[in-house]
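Subject: Handover of a structure for your review

Dear colleague,

Please find the structure below, followed by an account of what was found in it. I would be grateful if you would read the two side by side.

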Amino acid sequence: KRPLKINIANYVKRLSNINFIQPLIESIINSLDANATQIKVNFDKIRRTEQTSEGSTTKEFIVGFTIEDNGDGFTEKNIDAFFDMFSGDKAKGKLGSGRFIWLKVFKSIDIESKLPTKTVNIHFCDNYDDITIEEVKTKNQIQETKIVFSGLTAEYKNKTLWVKYLLEDIENTNPQKIADL
């Protein structure tokens, strides 16, 4: 049986109106869908000094993030769903296109999912031939999934979010609103 090959880069290029923060929202939704009760987000930031008419100002900008959760992880069923675009198993309103939204903003997504008897490592990117999946048999004391988003795409290098604005957005967001998405 031959797998269907998709030109991911062309698909991602066609996505429009993607906000810089959407990959984070998609990731949180995925964690909630995976029954996570703990979700931790760490931001990779850089400092930039900008010249203004009043002098210079240093600001921190988000250039990547890591999300960790204690959800179901990348079980066989979840691996199949990850690699099956628009599958019929998706809940109403969920197309399974979130991972492509990730690639609109970030060049590289690395997943490490620790399950009781194995660890699943996935490297996801916009070149189909460079996507890798590795399963290592191991006994893990805790079940957790960590996803690292890195390497801003050229389109988003100058659209990074100022950390102050993100914190204000988070403080003003009703958590139930995110859960309802």
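In what follows, a residue is called buried under 20% relative accessible area, exposed over 50%, and partly exposed in between, with a 1.4 Å probe and protein chains only. Helices (H or I, at least four residues) and strands (E, at least two) are DSSP runs, numbered from the N terminus. The model is predicted, so local features need pLDDT of at least 70 and side-chain atom pairs count only at pLDDT 80 or more, while totals for chains, interfaces and linings use all residues. Residues are numbered from 1 along each chain as its sequence is written, and side-chain values use heavy atoms, with hydrogens and water left out.

Overall composition

The chain holds 6 helices and 6 strands, arranged along the sequence as α-α-β-β-α-α-β-β-β-β-α-α. Of its 181 residues, 35% are buried. Its accessible surface, by the Shrake-Rupley method with a 1.4 Å probe, comes to about 11,500 Å², and carbon and sulfur atoms account for 49% of that. Contact here means heavy atoms within 4.5 Å. Among contacts between residues at least 6 apart in sequence, 66% join residues at least 24 apart.

The 6 strands form an open antiparallel sheet in the order 1-2-6-3-4-5; two strands are taken to pair if DSSP finds at least two bridges between them. Strand 1 (39–52) and strand 5 (132–137) are at the edges with a single partner strand each, so one side of each has no neighbour in the sheet. On average, neighbouring strands are turned by 15° against each other, direction ignored. For these angles, axes are lines fitted to C-alpha atoms, for helices over the stretch in contact; angles run from 0 to 180 degrees between N-to-C directions.

Strand 2 (residues 55–69) pairs with strand 6 in the antiparallel sense over 5 bridges, and Glu68 has Lys146 of strand 6 as its bridge partner. Helix 2 packs on the sheet, where it touches strands 1, 2, 3 and 6, and its direction makes about 25° with that of strand 2. Thr66 is also located in strand 2. Thr66 is buried, with a relative accessible area of 12%, and, leaving aside neighbours within four places in sequence, is in contact with Lys40, Val41, Asn42, Lys146, Ile147 and Val148.

Which residues of helix 4 are buried? They are Gly98, Arg99, Phe100, Ile101, Trp102, Leu103, Lys104 and Val105, that is, 8 of the 8 residues in this helix (98–105). Their packing partners include helix 1 (8–14), helix 3 (76–82) and strand 4 (118–125). Helix 4 lies across strands 3, 4 and 6, at about 135° to strand 3.

A nonpolar core is a set of buried Ala, Val, Leu, Ile, Met, Phe, Trp, Tyr and Cys residues joined through side-chain atoms within 4.5 Å. The largest such core has 33 residues, and Ile109, Ile111, Phe124 and Phe149 have the most contacts inside it. Helix 4 gives the most to this core, with 5 residues. Not counting residues up to four places away in sequence, Ile109 touches residues including Trp102, Leu103, Phe124 and Phe149.

A loop residue

Asn127 is in the loop between strand 4 and strand 5 and is partly exposed, with a relative accessible area of 34%. Asn127 and Asn7 are 120 residues apart in sequence, yet 7.4 Å apart in space, C-alpha to C-alpha.

With kind regards
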